Amino acid sequence: MKRFLTVLVLIAVAASTLPAAAAPQMVLRLGETHVADYPTTRGDMEFSRLVEERTGGRIRIEVYHSKQLGEEKAVIEQVQFGAIDFTRVSISPLAAFAPAFDALQMPYLYRDEEHMWKVLNGPIGEEFLNSLEPANFVGLCWYDSGARNFYNSRREIKSVADLKGLKIRVQESKLMMGLVSALGAVPTPMPFGEVYSALQTGVIDGAENNWPSYFSTSHYEVAKYFTLDGHTRVPEILIASKMTMDKLSKEDQDIIRQAAKDSMPYQIKLWKEYEKVSEEKVTAAGSIITHLSPEAVSAFQKAMEPLYSELKPELQEVVKKIREVQ
Ligand code: GTR
């Protein structure tokens, strides 16, 4: 018994001299609209893991997925005021806070995916990330979001004419409202989380998004006509609150910036896999997938042309530069 007690005392003494498991000195919050296994959420988690690892556990970033911190627009506002530290959002709602971002999400702007990545990973993309500071954000990196397409519960869309009069939900974005109006449909801005029930109850006829969002939200259950028109490529962006970043040392700011960039390949790889899975799942569930003829695609492009002439001259310049990227 005596020996047993001695051993216990020795263990207790040893434990008290061991460094305690490093408690984080700073816990920061990241808001994400998507569910836990969605590629953007997993990208956020990779970013968080890298920051924790590279700061030796001093900085922990907790990822609040599935809108736990609110819908996209409200979260962006809170990041602006420093109440939330980070968020990953689509650049569509962000453009309400930084209007130049519309130039990056114009319809049929990029020749293809490769063109988009050349732009985002080159000087134009870097300039956009840096341009957010006056709005009190720090742009960290881009994530993949594929191309957006129309879907609805009423009928197959094979031409622009088929969209006429349909009530289509859009993100809270002026550009997206204009885009849907240009096609003769009726735009209805609405938070992402309300779309399923609005489709189900017939408040709206359709919406538009990429394969993964169409699948993960179960919108395919209530809107089975999906047309591959690919009207926009709208990059996702990871942003920080400038107020949060200003509180950190230069070294920690650099760690955060680099960790975000280093999480990109992981997110992009998961995106590609999830796009395929989503397409398979919705097709198996009975969605009707419509491929457009080249003539129909040209007609979509033509109908949206006025959006370009309505852009402010300085944004038209940016569009020109984007198109010149080879
Ligand atoms: C998704 C995007 C979300 C959100 C959503 C929407 O593609 O990843 O951040 O913007 O679209 O349509 O509201």
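A polar contact is taken here as a pair of N or O atoms within 3.5 Å. Residues are numbered from 1 along each chain as its sequence is written, and side-chain values use heavy atoms, with hydrogens and water left out.

The protein chain has a mean pLDDT (the predictor's confidence in each residue, from 0 to 100) of 95, with 93% of its residues at 70 or more. Where pLDDT is low, the predicted coordinates should not be read in detail.

Around the ligand stand 13 residues (a heavy atom within 4 Å), of which H34, E72, R169, N209 and E236 come nearest. An N or O atom in the side chain of N209 lies 2.7 Å from an oxygen atom of the ligand. For R169, the corresponding separation between a side-chain N or O atom and a ligand oxygen atom is 2.7 Å, and for E236 it is 2.6 Å. The protein covers 99% of the 320 Å² of accessible area (Shrake-Rupley method, 1.4 Å probe) that the ligand has on its own.

Key. This is a predicted model: local features need pLDDT of at least 70, side-chain atom pairs count only at pLDDT 80 or more; totals for chains, interfaces and linings use all residues. A polar contact is a pair of N or O atoms within 3.5 Å; within protein, one must be able to donate a hydrogen and the other to accept it, and residues adjacent in sequence count only if both atoms are side-chain atoms.
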